[in-house]
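Please show me how to read the features of a protein model, one at a time.

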Amino acid sequence: RKKRKGNRKQKVAPQVGAEYKLYRTPEKRDNDDDNISQLSEDDVDHVGLFNDADEIAIANDLKKKEADSIVHRYGRHVGFSKEAIDEKEIHASKVVEDANRLADAEGAQRVIGRVSAQANLECYVLKVLSETLYGKHLAELKSEMGKGDSAKRLKYMEPPDTVIVTWVQHMRRPVNVEERNSKVPGRGNSHDYIANQLSGISSVMSQFGGRALRRTKTLQELLAQFNKEDESVNRRARAQVLDLESDLDIMYDTLFSSKSGLPHWKKVKLWTQFLVQKHTISRASCVSEHCPLIEDIKLPPHPSSYDEQGIPMHIKLAWRNWKGRREKVGEPRYIAIGRNLVRPKFCPVLWLMRWLELLARWDITEGKIFIDAECKTSRQYRDQLKDLFARCNGGEGSKLHLCTSHSVRRTAAQWAGRCGYTLDQIMDIGRWKDVRVVKFYLGAGERDYLRALSEHNGRDPLASICMIKTYVIATE
């Protein structure tokens, strides 16, 4: 960790001012402080300590709701005290760091995630564990923060292990079926939600305290228990798989019908994103905030690699980052995708060339392929795709309306397996680290494959659509 941190390039400190509206006004802070005493026990589950309806404006008009916290507000307005280090420099560096991260969509997600997690922890501690040492520390921070220039600098206190464990147990308590895995701050109780909250707390501790959250034996046992319980309960609720034989036609007809209400360029963009995600077995973020750059695209150099209309038989896309990438961030990793000559309307190369042609008409020749004013993060793409699935009428027995963006990744993995790709090849293309996930996907796909063969006289019906033609380029 220290080595990676030392090799990072130093960012230029932005001018913190009107462009980065990170801070509440004094009136807002006073109102927030007063409201904490009015929270009921139920409110603790649903809101962060300073979670209100305000939106913060960040670069490129990206807007997100921010749940602020005592620790972050104190750090910005007063600054934590550390021995043998310039206090003012520490204070300024934290402010600049958050401002710098909020300048782009990916950084904003990280900042808001960790601040929200810290806010939820503080809300619980002040309502339930206010008499603990950590609860009194938070109350003191809040008190000193309101004194302006006369405030004294206090040392940052890490939340004790016992407080973390108690909070985790509180989050895990049973909720209604409708609320399970909900995205309401402070209310989710799934293993993944709790793990994300702990990740946010760990980031805050690293930011202010210098070390990450300790995964004690008790905490590890709790998380392992939650994961095992969720594995058995939610196995059937995992992402629904697309029926490529029928669903692709339904999706295409629904999207490009006059009733969709979308302009043609948005239809082309969404369909291209979907096909690229499917053919590269990618996450939704890989075709949104982490999508390839236009200037990194490579077309075949030889004329024989083009058809009569000038469309290439394959195209190379480069990913410089993706979720979970820790090493060689920024270094391009090329993946080549091939033509679908059987069903052109399902061909990722053909649609990608059409989208690039539209971008060229708008004089857009560099930058991320699929990023625009209305789609800057994976959330926007996921919502657009989910809306398309919801509008599809697949008839009786169809589960297309239950699909999500992750259904595309799961379906693509099974599709590759049916096309003869090995486990290692699928993990390499899809950039998986956990072999268990891929094996689970492929196991379910194998059962569907055998059933399809029995229903079509030993012939795979997907052959009438297209066989996957994707491979990773080791060196470029």
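**Cores, salt bridges and a helix**

Q: Which residues is L242 in contact with, leaving aside its neighbours within four places in sequence?

A: Contact means heavy atoms within 4.5 Å. By that rule, and with neighbours within four places in sequence left aside, L242 is in contact with D247, M251, F274, F389, L400, C403, V408 and T411. This is a predicted model, in which local features need pLDDT of at least 70 and side-chain atom pairs count only at pLDDT 80 or more, while totals for chains, interfaces and linings use all residues. Residues are numbered from 1 along each chain as its sequence is written, and side-chain values use heavy atoms, with hydrogens and water left out.

Q: How many residues does the largest nonpolar core have?

A: In soluble globular proteins, nonpolar side chains tend to be buried together. A nonpolar core is a set of buried Ala, Val, Leu, Ile, Met, Phe, Trp, Tyr and Cys residues joined through side-chain atoms within 4.5 Å. Buried means under 20% relative accessible area, exposed over 50%, and partly exposed in between (1.4 Å probe, protein chains only). The largest such core here has 63 residues, and L242, M251, W271, F274 and L385 have the most contacts inside it. Helix α13, residues 348-361, gives the most to this core, with nine residues. Helices (H or I, at least four residues) and strands (E, at least two) are DSSP runs, numbered from the N terminus. Another core, of 36 residues, lies apart from the largest one and includes V78, V165, Y193 and I194.

Q: How many salt bridges does the structure hold?

A: Side chains of opposite charge can pair when their charged atoms come close. A salt bridge is a side-chain nitrogen of Lys or Arg within 4 Å of a carboxyl oxygen of Asp or Glu. The structure holds ten of them. One is between K152 and E140, with the closest N and O atoms 3.9 Å apart. K152 lies in the loop between α7 (133-145) and α8 (161-172) and E140 in helix α7, so this pair ties together parts twelve residues apart in sequence. K152 is partly exposed, at 44% relative accessible area, and E140 is partly exposed too, at 33%.

Q: Where do D428 and R333 lie?

A: The side chains of D428 and R333 meet in a salt bridge (2.4 Å, N to O). D428 is in helix α16 (residues 423-430) and R333 in strand β4, so the pair ties together parts 95 residues apart in sequence. D428 counts as partly exposed at 36% relative accessibility, whereas R333 is buried at 17%. Salt bridges that share partners also join D249, R343 and K345 into one network.

Q: Is K323 buried or exposed?

A: K323 counts as exposed, because its relative accessibility is 56%. Its place is in the loop between β3 (314-319) and β4 (333-338). Not counting residues up to four places away in sequence, K323 touches R283, S285 and H290. The C-alpha atoms of K323 and R431 are separated by 9.2 Å, although the two are 108 residues apart along the chain.
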